[in-house]
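Hi everyone, thanks for making time today. Let me put the model up on the screen before we talk.

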Amino acid sequence: MYQRHFFIALAVSFIGLAITGLFHPAWNVLWVVWLGVAALGIYDLRCHHSVLSNYPVIGHLRYLMEFVRPELRQYFFESDSSGRPFNREQRELINHRAAGGSDAMPFGTLRDIDAAGYDYSMHSLAPKNVDSAFGRVVVGGAQCTKPYNSSIFNISGMSFGALSGNAILAMNKGARAGGFAHDTGEGAISPYHERHGGDLIWQLGTGYFGCRTKEGRFDPDLFKEKACSDQVRMIEVKLSQGAKPSHGGLLPGAKVNDEIAETRRIEAGQDCESPASHPEFSTPGGLLEFVARLRELSGGKPTGFKLCIGQRSEFLSICKAMLDTGILPDFITVDGAEGGTGAAPTEFSDSLGLYINEALPFVHQALTGCGLRDQIRVIASGKVALGYDMVVKHALGADICHAARPFMFAVGCIQSRRCHTNQCPTGVATQDPRRSRALDVEDKSKRVTRYHEATVASFFNMVGAMGLSSPKELTPAMVQHRTQFAPARPWSDIIGPCPAPGQLLDDSERPEAWSACWSAASADRF
């Protein structure tokens with residue numbers, strides 16, 4: 001019916017223009033507008049969009065409103081606490097700290113403390129001061145000859161290619177000034193990582209970018225050449241990440257410019273694919289042998305791996321392989337299913353992987369039950385943004401915390417969620433030089449340093465307010481978690497008791513809750 005109305009409106013408007021005598025050249029613009037609307041309407045009638053076909057011209061309003069919907073929701077309709085993945089309250093607090101401003105708030109909490117998912121801890125009437133020395137953690141076990149004195153809070157893996165060169169420069173310069181480490185992500189060590197000399201954690205993904213052969217296999221000579229740089233302090237093998245576990249990656253050829261191609265050692269203009277699994281190994285024992293090989297090639301630097309926990313028996317398979325081979329990683333980075341990425345299949349991000357607050361205590365308990373926990377550092381890398389996030393992660397078993405997106409906020413990210421389009425409005429997640437040059441490296445690097453310093457200070461202040469002298473004293477029982485509109489329970493009740501050191505190795509002493517997974521685990525297969 002609206003199609004008939006469209007033609008009637010065209011006819012009436014044509015007659016109206018003719019009757020009023022608007023044939024004077026000064027009014028030609030009205031005829032141009034009329035012809036444009038007529039052409040658009042006729043096109044809409046012939047197109048395959050049902051809305052446009054039924055409602056020519058005016059139907060475009062639907063797509064216009066859909067186009068601006070994310071911005072309208074974020075700026076006008078979203079509450080301070082309802083945004084995802086990070087809400088406005090979190091983003092503003094990060095920005096205040098990055099700017100060196102006050103993080104104070106008036107009138108009381110805005111959070112619904114009765115709601116499910118709320119975490120909190122009990123304070124003490126005898127608060128203590130936490131020594132700043134606890135801000136450093138030595139990474140490196142008995143098999144490591146060059147241990148690294150790491151900050152308790154570092155920048156998590158983000159690749160050059162996903163982020164702009166200026167974003168990498170700002171983060172690395174801020175990391176050097178603040179004395180903390182910068183994970184390269186799987187996109188290799190770029191010139192932007194090297195320019196300011198900040199400590200690097202070199203992450204090797206399944207594509208072995210920066211140290212690969214033309215066939216995509218690992219090149220030990222190239223790796224050794226770069227890994228022995230004084231700037232590289234740790235080596236991290238990426239098995240999987242929370243946002244897209246057990247899924248490869250694809251950098252479209254349109255984004256593979258000459259600079260990225262040279263950094264990754266791939267062909268410019270060609271699609272860059274990362275396989276879902278490592279071609280260099282396929283068993284738990286093979287993983288550990290690869291870790292030992294990288295440690296040797298790097299001159300004895302701390303070497304470990306990063307993963308998102310999926311089937312629990314597979315992590316126990318790695319633990320069994322550690323016991324069988326005697327090869328231990330120096331650290332294990334645990335990512336959560338809520339982790340971030342530049343681009344991932346929606347259903348992978350939404351439906352696969354274990355939440356960090358469940359994965360972290362599992363890894364801690366598994367290593368403890370195998371008698372290995374004291375020799376391996378555990379790093380939490382799953383949506384850590386504020387000081388209390390660090391409290392929770394340390395209570396659940398972490399020694400160190402890594403964060404990615406909060407450091408993106410520190411350099412200007414506004415969570416527009418256009419990372420995969422190359423059209424980031426702030427120049428953070430793009431390879432468009434016109435956009436990235438808007439990011440002031442000098443200013444943003446200072447924001448990175450200030451955010452790190454303020455977050456660690458907040459963490460120490462909260463630990464002290466709980467009556468503790470050290471983060472090492474935090475336990476799951478000290479964090480209350482509300483699972484529903486009911487009295488909260490400590491995390492120790494939710495995750496269950498931690499096995500005693502070596503208890504999983506004794507068939508007669510092994511807790512029943514661990515029996516099925518332990519029996520399913522094998523050092524010879526995942």
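Predicted model: local features only at pLDDT ≥ 70, side-chain atom pairs only at ≥ 80, totals over all residues.

Residues are numbered from 1 along each chain as its sequence is written, and side-chain values use heavy atoms, with hydrogens and water left out.

Let's begin with the sheet. Helices (H or I, at least four residues) and strands (E, at least two) are DSSP runs, numbered from the N terminus, and two strands pair if DSSP finds at least two bridges between them. Here three strands make an open, antiparallel sheet in the order β1-β14-β15. β1 (119-120) and β15 (489-490) are at the edges with a single partner strand each, so one side of each has no neighbour in the sheet. β14, residues 480-481, is joined to β15 by two bridges in the antiparallel sense, and H481 sits opposite R489 in β15.

Now the core. By nonpolar core I mean buried Ala, Val, Leu, Ile, Met, Phe, Trp, Tyr and Cys residues joined through side-chain atoms within 4.5 Å; buried is under 20% relative accessible area, exposed is over 50%, and partly exposed is in between, with a 1.4 Å probe and protein chains only. The largest such core holds 123 residues, and F153, F223, F305, F315, M322 and L367 have the most contacts inside it. Take F315: beyond its neighbours within four places in sequence, its contacts (heavy atoms within 4.5 Å) include L307, I332, F362 and L367.

On to open space. On a 1 Å grid over the protein atoms alone, a cavity is a set of points where a 1.4 Å probe fits but cannot get out; a pocket is an open set with protein on both sides within 12 Å along at least five of seven lines; lining residues have an atom within 4 Å of a point. Grid points are joined across faces, edges and corners, and a volume is the space filled by probe spheres set on the points.

The second largest pocket has a volume of about 1700 Å³. Its lining counts 49 residues, with E89, Q90, R111, L386 and D389 nearest the centre. Which helix gives the most to that lining? It is α5, with six residues. Among the buried residues of α5 (residues 88-98) are R88, Q90, R91 and R97, and just after α5, G100 takes a positive phi of about 80°. Another contributor of at least two lining residues is α14 (387-395). Nine of the nine residues of α14 are buried, among them D389, K393 and H394.

Last, L505, in the loop between α18 (491-495) and α19 (512-520). Buried or partly exposed? L505 is partly exposed, at 42% relative accessible area. Leaving out residues up to four places away in sequence, L505 touches L323, G369, C370, R510 and W518. Its C-alpha atom is 33 Å from that of I201, 304 residues away along the chain.

That's my tour, and I'm happy to take questions.
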